[in-house]
Amino acid sequence: MGGTSCDATRSRESDFAMFRMPSVIVIGAGMSGLCMAVKLRRAGITDFTVLEKASDVGGTWRDNTYPGLRCDVPSAFYQYFFDRNPDWSHFFAAGDEIQDYFRGVVDRFALREHIELDTEVTRAEFAEGRWRVRTADGRTREADFLISASGVLHHPVVPDIPGLDSFDGAWFHTARWDHSVSLADKRVGVVGTGSTGVQIVSELGGSVPKLSLFQRTPQWVLPVPNWRNDRLTRALRSRFPALTSLEYRLIEGIFSILVAAVTRPGWQRTMISKLCELNLRTVRDQDLRRKLTPDYQAMCKRLVMSPSFYRAVRRPGVEVITERIDHVEPRGVVTTDGTLHEVDVLALATGFDSHAYLRPVELVGPTGRTLSDAWSEGPRAYRTVALPEFPNLFLLMGPHSPVGNFSLVPIAEVQADYAISWIRAWQRGEYTTAAPTREATDDYNARLRAAMPNTVWATGCQSWYLGKDGLPEVWPWSPHRHARMLRDRHTDEFVVDPAQEGVWR
Ligand code: NAP
């Protein structure tokens, strides 16, 4: 096991120079945690451990197994640039294929010995120059660096619907899909019309006797087609890996149109809005179209991509219910107009707590400041990746990361590279402990806030992008700008090796 140790002798002398070997703990073995692990390995760092609370790697792709699950970012772009797969079966791969890819990463990069499954981190405290990480089994591990890679959307939100527990059928959140429940002859209710609800309805509509979609707010839907990658394409990609690189960059370029559309007004925003409107017009039934028509700007909520949703809601047995849910009773869902909608299975596609990040893990810095204190007004970070008063801590997919309709994989790679650059400097003996200053963090957050009014997320709708203060908690510029920002360590914006503990404050 290449795990972290409590050894006092953590440095070793190379043949040529003093070269310290750090110990690193990564929290989470999802897409970003595995990315970090590969980067650590490639940097020649051997003393690292990835602590994962679940029994398997994969994060989102382990937790979500609902019918119709696909990534709506093309697979050629939703993969690590350093491990491009020539064999994706479709333009948008299904969830189980993506999960297989991440399991494969563990084998291809020999990470298994570094990963501890079923190991939930409960608390991490920085004391005497190191992180002490406590896990639910009562053990404490120590490390020079702590990397949080716990994901953005991993705490399911189960709405407080009166009577839910009295329901006679099976009910579950979509991220905890109960596959022991057969749907073949069932009347299924789906609550929620985000990307998840839309994928489930597109898959199940017409294949179960009755499907009731409980829609609180309609969504704009962009009809991006999905196609199978034929054998020749896959063979060519295998034979000429440069093609996968070209494809990756091409899709990245196309996605920059989407990014421009969400971050500033312009022709890109107009074009995508028009495409969504044209898609909606394919619903000829005026009553249904009215139900499906949003009253906010396209992309204000996360844009839903589906070539088949509007076809699915017109299939026999599918009903879109727009009356609000009042309560659940043993036979089904009762809406505020008093109608009972009888269902046998109820799937809650009601989303996730996008503001939790690492919490409920309690982080405690050297001054005694906790993460709960630091984030009492909402999650804020230094340049998405670090926190003042929490030295030698790096965040992957931290607050304000570019997660709006873009592939999260290149973002994780950029953030992991940034963490590696600091770890490298530590190895060279340039510092022992470092955390960003409060001033630099406040300045950066002020610049973020000033840019928010340009974004489509601030145009007046409710979404998981919005924080407590009503402002979007996502990156308001291009992912390229984010990558450029993290190219340099900006050491002048860090407190490094303070003589007194209090200086961290
Ligand atoms: P979501 O976008 O947050 O949507 C939740 C849905 O549940 C909304 O329609 C919401 O209505 C509804 N809802 C919540 N509470 C409700 C209640 N009490 N009664 C009725 N309706 C209620 O969640 P999601 O669909 O799981 O998607 C979350 C994110 O995951 C996506 O935005 C995307 O980033 C990611 N995702 C990606 C993919 C992919 O293909 N890459 C697939 C699935 C998910 P309101 O709109 O009125 O709040």
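Keep in mind that this is a predicted model. Start by selecting the ligand and the residues around it: 22 residues surround it, and the closest are Arg70, Thr196, Thr217, Lys301 and Trp464.

Now colour that shell by class.

Next, zoom in on the oxygen atoms of the ligand. Pick lysine 301 and find a polar side-chain atom that sits 2.6 Å from a ligand oxygen. Then click on arginine 302, where a polar side-chain atom is 2.8 Å from an oxygen atom of the ligand. For threonine 193, show the backbone: a polar backbone atom there lies 2.8 Å from a ligand oxygen. How much of the ligand does the protein bury? On its own the ligand exposes 900 Å², and the protein buries 83% of that.

Which helix gives the most to the shell around the ligand? Select residues 195-204: that's helix α4, and it supplies three residues, the most of any contributor.

Time to zoom out. Colour residues 21-155 + 354-497 as domain 1 and residues 164-348 as domain 2. Go back to the ligand with these colours on, and you'll see that each of the two domains provides at least three residues of the shell.

Last stop: the place where the domains meet. Their centres, taken over C-alpha atoms, are 28 Å apart. Select the contacts and you'll find 45 residues of domain 1 touching 47 residues of domain 2. Between them the two domains bury about 4200 Å², with 58% of it on carbon and sulfur atoms.

Definitions and conventions: Residues are numbered from 1 along each chain as its sequence is written. This is a predicted model: local features need pLDDT of at least 70, side-chain atom pairs count only at pLDDT 80 or more; totals for chains, interfaces and linings use all residues. Side-chain values use heavy atoms; hydrogens and water are left out. A residue is near a molecule or strand if one of its heavy atoms lies within 4 Å of it. A polar contact is a pair of N or O atoms within 3.5 Å; within protein, one must be able to donate a hydrogen and the other to accept it, and residues adjacent in sequence count only if both atoms are side-chain atoms. Accessible areas come from the Shrake-Rupley method with a 1.4 Å probe; for residues, only the protein chains shown count as cover. Helices (H or I, at least four residues) and strands (E, at least two) are DSSP runs, numbered from the N terminus. Domain bounds come from an automatic or database domain assignment. Contact means heavy atoms within 4.5 Å. Buried area is the accessible area (1.4 Å probe) that two parts lose on being put together, summed over both.
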